[in-house]
Amino acid sequence: MEVDLRLDPFDTPWPEIRDAVRAAVDGGFAGIWTPDHLDGRVFGASQVLECWTTLTAVAVSTSDVKVGPLVLNVANRDPGLLASMAATLQDIAGGRLLLGLGAGGGAGAGGGARAPLRREQEAIGRTVPTDSVRRAQVEACVQEMRRLWNAPGFLRPDPAPPVVIAAFGPKMAELAGRIGDGINAPASHPRLGELVAIARDAGRDSARFLVTVYSEFHDRWFDVDSPARAELAAAGVDRLILYLGPPFDVTRIDRAGRLLRGPSA
């Protein structure tokens, strides 16, 4: 199981993110991810660096770790533009892109926890449709990207990046398995094994299907013999993505890296 780091760039300048990336790479983390938000208030911040631009900078400042968005909201970018962006970043990264996609946050009954996500979309002149419409948007986006990756005149990624689709419930898990190359879900999801099974049974090549999960940055994840890690292994998880918000403590990242590398580190 690979262990990755998601750096949340809220109210954080690039130099601080760059230093955290260096610490993560030196520490042995296998991948670097960033979330896709345009309004820092989603996470109680005043601003946030744009995901894809940040990932490009991460890609050119590293040489062997995977890079990816966790996850892109397909409503934020036209599928044709996203196809070109993904192919370009795959070229810049030398084939290290993992393309996380999601349906974005729903409107939610009465707002609640999803209200900041709705306000973010409204701020850029977009509405938040129903869950079924947003699922359809994800499917249409993936189909259009793959079509354009093979269309004359368009940059063809080599190789095509795995499309990892975020899923919180069985309908998105089925979609991830049917049209995606992987699934992403919370590590603490009470039905994680069920979601993975639904995705694997949905029709694509289950042997090559990528299972990724995410959780908070905590020492318990760095003990390979811990019950928490054992549960993920039993669910068939390939990558564990730990998210870390600012201010980024490079000493903490380095310490986690030593735990990753084992007692001899």
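**View 1. The largest cavity has a lining of two nonpolar, no polar and three charged residues.** Here Ala, Val, Leu, Ile, Met, Phe, Trp, Tyr, Cys and Pro count as nonpolar, Asp, Glu, Lys and Arg as charged, and the others, Gly among them, as polar. The lining residues are Asp-39, Arg-41, Val-42, Pro-116 and Arg-119. The cavity holds about 40 Å³ of space. The whole structure has one cavity of 30 Å³ or more. On a 1 Å grid over the protein atoms alone, a cavity is a set of points where a 1.4 Å probe fits but cannot get out, a pocket is an open set with protein on both sides within 12 Å along at least five of seven lines, and lining residues have an atom within 4 Å of a point. Grid points are joined across faces, edges and corners, and a volume is the space filled by probe spheres set on the points.

This is a predicted model: local features need pLDDT of at least 70, side-chain atom pairs count only at pLDDT 80 or more, and totals for chains, interfaces and linings use all residues. Residues are numbered from 1 along each chain as its sequence is written, and side-chain values use heavy atoms, with hydrogens and water left out.

**View 2. The largest pocket has a volume of about 960 Å³.** Its lining has 39 residues. Val-71, Gly-104, Gly-105, Leu-117 and Phe-168 lie nearest the centre. By class, the lining has 20 nonpolar, eleven polar and eight charged residues.

**View 3. The second largest pocket has a volume of about 230 Å³.** Pro-162, Gly-180, Asp-181, Arg-204, Asp-205, Arg-208, Phe-209 and Leu-210 line this pocket. Three are nonpolar, one is polar and four are charged.

**View 4. Asp-4 is buried, with a relative accessible area of 0%.** Buried means under 20% relative accessible area, exposed over 50%, partly exposed in between (1.4 Å probe, protein chains only). Asp-4 sits in strand E1, residues 2-7; strands (E, at least two residues) are DSSP runs, numbered from the N terminus.

Key. Helices (H or I, at least four residues) and strands (E, at least two) are DSSP runs, numbered from the N terminus.
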